[in-house]
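Open the model in your viewer and keep the sequence panel beside it. We will go stop by stop, selecting as we go.

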Amino acid sequence: MTAWTRRHVLATADWSRDEIELVLQQGEAMLEVLARPIRRTPALRGRTVVLFFQEASTRTRISFELAAKALSADTTMITASGSSIEKGETLLDTVRTLEALGAEIVVMRHSAAGAAQFVADRIASAVINAGDGWHAHPTQGLLDALTLRTALGALEGRRVVIVGDVLHSRVARSDIHTLVPLGAEITLSGPPTLVPSAWRCGQLPAGVRYEEDADRALDGADAVIALRLQRERMEAGLLPSLREYAMAWGLTEARVARMRPGAPVLHPGPMNEGIEIDAAVAHGPRSLIERQVTNGVAVRMALLHLLAGTPAAEAAA
Ligand code: NCD
């Protein structure tokens, strides 16, 4: 098996397939830990994990917290409201504080693309990017890969559709960077105004194509990942109306029935039900949305213990 050599987890764009496989395998081992009556291992006892969330988050933040706790790490949370960030503390000042707190691993979410790299370049701790602006959300890409692999088996040649607001989505970028090396073929679908212009004009990354029409994109697909409409990142005028968006790209039962029988539906959350996904689909038999949450804890446990340098056997003991 490949040895783990990374100091940080900032983006998976330059990861090899073997590195992705290693994290997924460790994630599977962590799922076994999470299935036990006592979901806790001593792997990170006495180690400090700081969760630094400058941008809103529920799932990712709680998931990292549960992952760190399941490995018996000490955790400290810093969020924008109620911290000196509100008083205008610069990122560099905050970083120095994190270092002074003795953080061995800093998990960070920030609204600026590149923020995790900025911190990683200036701190002795390991840094995990929990989402930086539009740029990357590597742990989401990895948990989506784990979820799809558990549902479909090997992803080689599997057709995965990513539908919605691709332009503003760090999830879409990280999904591409994780699923393509595993052999999946990605079809992006969404309004042309919500797809990066180069991609819309055919200059797409290897393994990725764009099909504006959601029905055509979904025909015979093996899985679909719906993206949230990121209205907080959107300029006015990119969408005709939410109603028209939902009619053309919303995941309805009729639309998901175009995929292969039983093909799963994923969504990173938080969902705008009735816009990008109907409640009947989100909570229906094809939905793996809750599984994504559990798999998120497992993948984050895997990364924490890889970065802490704990042998897998010890972590799963
Ligand atoms: C995503 C994020 O924050 O990038 N959510 C998440 O991490 N579960 C997607 C989103 O906010 O739409």
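How many residues does helix H2 have, and how far does H2 reach from its first C-alpha to its last? Select residues 59–70 to find out. H2 has 12 residues and reaches 16 Å, close to the 16 Å expected at 1.5 Å a residue.

**Before going on: confidence**

This is a predicted model. Colour the chain by pLDDT. The average is 93, and 97% of the residues score at least 70. Now select residues 312–317, where the pLDDT is below 50. This stretch still has 13 contacts in the model beyond near neighbours in sequence. Where pLDDT is low, the predicted coordinates should not be read in detail.

**Stop 1: the buried face of H2**

Go back to H2 and show side chains for Thr 60, Ser 63, Phe 64, Ala 67, Ala 68 and Ala 70. These residues are buried. Turn the view to look down the axis of H2. The buried residues fall within an arc of 160°, so they line one face of the helix.

What do the buried residues of H2 pack against? Four strands are on the list: S1 (48–53), S2 (74–79), S3 (105–110) and S4 (126–132). Two helices join them: H5 (138–152) and H12 (289–307).

The charged end of Arg 300 sits over the ring of Phe 64, 4.9 Å from its centre.

**Stop 2**

Select Ser 72, in the loop between H2 and S2. Check its backbone angles. Phi is near 65°, a positive value in a residue other than glycine. Is Ser 72 buried or exposed? Ser 72 counts as buried, at 12% relative accessibility.

Show what surrounds Ser 72. Leaving aside neighbours within four places in sequence, Ser 72 is in contact with Arg 40, Thr 41, Pro 42, Leu 44, Arg 45 and Gly 46. For a sense of scale, draw a C-alpha to C-alpha distance from Ser 72 to Leu 10. The two are 62 residues apart in sequence and 23 Å apart in space.

Step to Ala 73, also in the loop between H2 and S2. Ala 73 is buried, with a relative accessible area of 9%. Setting aside neighbours within four places in sequence, Ala 73 is in contact with Leu 44, Arg 47, Val 49 and Ala 68. Ala 68 is one of the buried residues of H2. Now draw a line from Ala 73 to Val 299. They lie 226 residues apart in sequence, and 16 Å apart in space, C-alpha to C-alpha.

**Stop 3: Thr 48 in S1**

Select Thr 48, which lies in strand S1. Its relative accessible area is 17%, so Thr 48 is buried under the 20% cut-off. Which residues touch Thr 48, apart from neighbours within four places in sequence? Show Asp 74, Gly 102, Ala 103, Glu 104 and Ile 105.

**Stop 4: rings and charges**

The model has two aromatic pairs. One of them is Trp 4 with Trp 15. Their ring centres are 5.6 Å apart and their planes stand at 75°, so the pair is edge-to-face. Both residues are in the segment before helix H1 (17–34), 11 residues apart. Trp 4 is buried, with a relative accessible area of 17%. Trp 15 counts as buried too, at 6%.

Next, select Phe 118 and Arg 122. Arg 122 lies over the face of Phe 118, at 3.8 Å from the ring centre.

**Stop 5: helix H9**

Select residues 242–249, helix H9. Which residues of H9 are buried? Show Tyr 245, Ala 246 and Trp 249. They cover an arc of only 100° around the axis, which puts them on the same side of H9.

The buried residues of H9 pack against strands S5 (159–163) and S6 (185–189). They also pack against helices H8 (214–218) and H10 (253–256).

**Last stop: a cis peptide bond**

Select Gly 269 and Pro 270. Check omega: the peptide bond between them is cis, with omega near -10°. Where is Pro 270? Pro 270 is in the loop between strand S9 (265–266) and helix H11 (279–282).

Technical notes
Residues numbered from 1 in each chain as written. Predicted model: local features only at pLDDT ≥ 70, side-chain atom pairs only at ≥ 80, totals over all residues. Heavy atoms only, no water. pLDDT = per-residue confidence, 0-100. Contact = heavy atoms within 4.5 Å. Expected span 1.5 Å × (residues − 1). Buried < 20%, exposed > 50% of the residue type's maximum accessible area, 1.4 Å probe, protein only. Arc of directions from axis to C-beta. Phe/Tyr/Trp six-rings, centres within 6.5 Å; stacked < 30°, edge-to-face > 60°. Lys NZ or Arg CZ within 6 Å of the ring centre and 35° of its normal.
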